[in-house]
Amino acid sequence: AKKLSAASYPFLKEVDWLSDIYIKPLPGVTPQQALKAVDKTLIMGAAMDGNLLKAAAEAHHKAIGSIDGKGVTSAADYEAVNAAIGRTVASVPTSMTMDVYNAWAGLLNGAVPNKMISMVNPLDANAAAKAFYEFKDVVRASQR
C-alpha cells in the first residue's frame, strides 16, 4: 500500500474531485445494468471480514476528515485507505473479486477511461496504474 500510495498520490492530486462528472450516469449504462454490478459489489462486501471492513470504514472516515479544498485527502490517510482496501479484498476469494471486476468492466466503454486520462497528466496516470497492478498482485497473493 505504501508503494501504491507514493506512486499514485501525484495522480490523485491532479484529479478534479470537485467536477460534476462523478455524479453523471455512466454513458450507455442502464440503471438495471449498473444495479447488477452494484449487487456483485455488495455481495463481495458482505463476504469480507467484518473487523477488516470496520477498519476500512474508519480509515475512510479519517481520510474524509483530512480532505482539502480541492477534495484531496492527506498522503498518510490515502495510504491508510489503500492498505485497508487491500486487506478487505484479500479477505474474500479471488473469484468474488473477479466477479466484481468483470461486472464493472463490462459496463464501461473505452471512452470513459480515455476521457478520465485526458483530464490529468497521462504519465502520472500510467505510474498510478502500474503501481495499482503491482498492488493487485500483492493482494491476490494473500487472498484466501
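Let's start with Tyr 22. Its relative accessible area is 36%, so Tyr 22 counts as partly exposed. One caution before going on: this is a predicted model.

Now the aromatic pairs. How many does a search of the whole structure find? Three. One of them joins Trp 17 and Tyr 22. That pair is stacked, with 5.6 Å centre to centre and 25° between the planes. Trp 17 sits in the loop between α1 (2-14) and α2 (31-47). Trp 17 has 36% relative accessibility, so this residue is partly exposed; the cut-offs for that class are 20% and 50%.

Phe 132 is partly exposed, because its relative accessibility is 44%.

Back to Trp 17 and Tyr 22. Together with Met 119, they form a nonpolar patch on the surface. The accessible area of the three together is about 270 Å².

Next, the inside. In soluble globular proteins, nonpolar side chains tend to be buried together. Here, the largest nonpolar core has ten residues, including Leu 4, Met 44, Val 89, Ala 131 and Phe 135. Two helices, α4 (75-90) and α7 (122-141), each give at least two residues to this core. Which helix supplies the largest share? It is α7, with three residues.

Look at Ala 131. Leaving aside residues up to four places away in sequence, Ala 131 touches Lys 3, Leu 4 and Ala 7.

How values were computed. Residues numbered from 1 in each chain as written. Predicted model: local features only at pLDDT ≥ 70, side-chain atom pairs only at ≥ 80, totals over all residues. Heavy atoms only, no water. Patch = residues over 30% accessible without salt bridge, like charges linked within 9 Å, V, L, I, M, F, W, Y side chains within 5 Å. Areas by Shrake-Rupley, 256 points an atom, 1.4 Å probe, with all protein chains shown as cover. Salt bridge = Lys/Arg side-chain N within 4 Å of Asp/Glu carboxyl O. Helix = DSSP H or I, 4+ residues; strand = E, 2+ residues; numbered from the N terminus. Buried < 20%, exposed > 50% of the residue type's maximum accessible area, 1.4 Å probe, protein only. Phe/Tyr/Trp six-rings, centres within 6.5 Å; stacked < 30°, edge-to-face > 60°. Core = buried A, V, L, I, M, F, W, Y, C linked by side-chain atoms within 4.5 Å. Contact = heavy atoms within 4.5 Å.
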